[in-house]
Amino acid sequence: MVRIREAKKSDAEEIRSVAEKTWYATYDGFISHETIETVIEKWYKVTDLKQQVEDPYFFVAVVEGDVAGFVHATISKEDKEVLELHRIYLDPDYWGQGVGSKLLQKVLESVDKGIDRIALEVLQGNEVGRGFYVSKDFEEVERESVELFGEPVTQIVMEKKL
Ligand SMILES: CC(C)(COP(=O)(O)OP(=O)(O)OC[C@H]1O[C@@H](n2cnc3c(N)ncnc32)[C@H](O)[C@@H]1OP(=O)(O)O)[C@@H](O)C(=O)NCCC(=O)NCCS
């Protein structure tokens, strides 16, 4: 039984653990372990997460008392009509059982008035993530070459109108 609820400070360590396990499972083979290690180190600091969970769009999926996944979005600083979906990560043990759909649904249900679309970036090569977004009617807007801590990657920008 899965429960989706707002994230809280005491979830921070578990969110980091889920992120670490899921990053390796998702990107192993096309992003170096060194870069993944850096991402977890820099983007998932427990102290930062404890602040980020205060954001209105940070939810966790709890299965049998443990955090199994999370989603985090914020309103774009450049365009208040856009909600940027930064992360949706689910422990691979639970993939394919509808939990990711429930996390995204929670965000969609919570969207403030005035927001007219959701935007996100998914790395080229991440067919699990891209397949998920395509199934939720996100459409590709553009592709851009960027560096992830010095490693060249291509990210696919996708959007969904609300
Ligand atoms: C993306 C993610 C959150 C989806 O969660 P999930 O619980 O596995 O997804 P769901 O079971 O709700 O699946 C919903 C739909 O997504 C699509 N999907 C799910 N897994 C997929 C896969 N491995 N390949 C392609 N499409 C997939 C399917 O269309 C599915 O619908 P269906 O079950 O009717 O076929 C999860 O797989 C995950 O954490 N992946 C790694 C992290 C990631 O890529 N995050 C997004 C980039 S930031």
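Me: What covers the buried residues of H4?

Reply: The cover includes strand E1 (2–6), E2, E3, E4 and helix H5 (127–135). Helices (H or I, at least four residues) and strands (E, at least two) are DSSP runs numbered from the N terminus. Contact requires C-beta atoms, placed from the backbone, within 7 Å. The model is predicted: local features need pLDDT of at least 70, side-chain atom pairs count only at pLDDT 80 or more, and totals for chains, interfaces and linings use all residues. Residues are numbered from 1 along each chain as its sequence is written.

Me: Which residues of H4 are buried, and what makes them lie on the same side?

Reply: Gly-100, Leu-103, Leu-104 and Val-107 are buried. They cover an arc of only 90 degrees around the axis, and therefore sit on the same side of H4; the arc is that of the directions from the helix axis to the C-beta atoms. On the other side, Ser-101 and Glu-109 are exposed.

Me: Why is Tyr-89 called buried?

Reply: A residue is buried if 20 or more other C-beta atoms lie within 10 Å of its own, exposed if 12 or fewer, and partly exposed in between, with C-beta atoms placed from the backbone. Tyr-89 has 24 C-beta neighbours inside 10 Å and so counts as buried. Tyr-89 is in strand E4 and touches Val-18, Ala-19, Thr-22, Gly-69 and Phe-70, leaving aside residues up to four places away in sequence. The C-alpha atoms of Tyr-89 and Thr-26 are separated by 9.5 Å, although 63 residues apart along the chain.

Me: What makes a set of residues a nonpolar core, and which residues of the largest one touch the most other members?

Reply: A nonpolar core is a set of buried Ala, Val, Leu, Ile, Met, Phe, Trp, Tyr and Cys residues joined through C-beta atoms within 7 Å. The largest one has 36 residues, of which Ile-15, Phe-59, Phe-70 and Val-71 touch the most other members. Its largest share, 6 residues, comes from H1. Outside the four places on either side in sequence, the contacts of Phe-59 include Phe-70, Val-71, Leu-103 and Val-107.

Me: Why are E1 and E6 called edge strands?

Reply: Strands pair if DSSP finds at least two bridges between them. The 7 strands form an open sheet in the order E1-E2-E3-E4-E5-E7-E6, with mixed pairing. E1 and strand E6 (139–148) each pair on one side only, and are the edge strands. Within the sheet, E5 and E7 pair in the antiparallel sense over 7 bridges.

Technical notes
Two residues are in contact if their C-beta atoms, placed from the backbone, lie within 7 Å.
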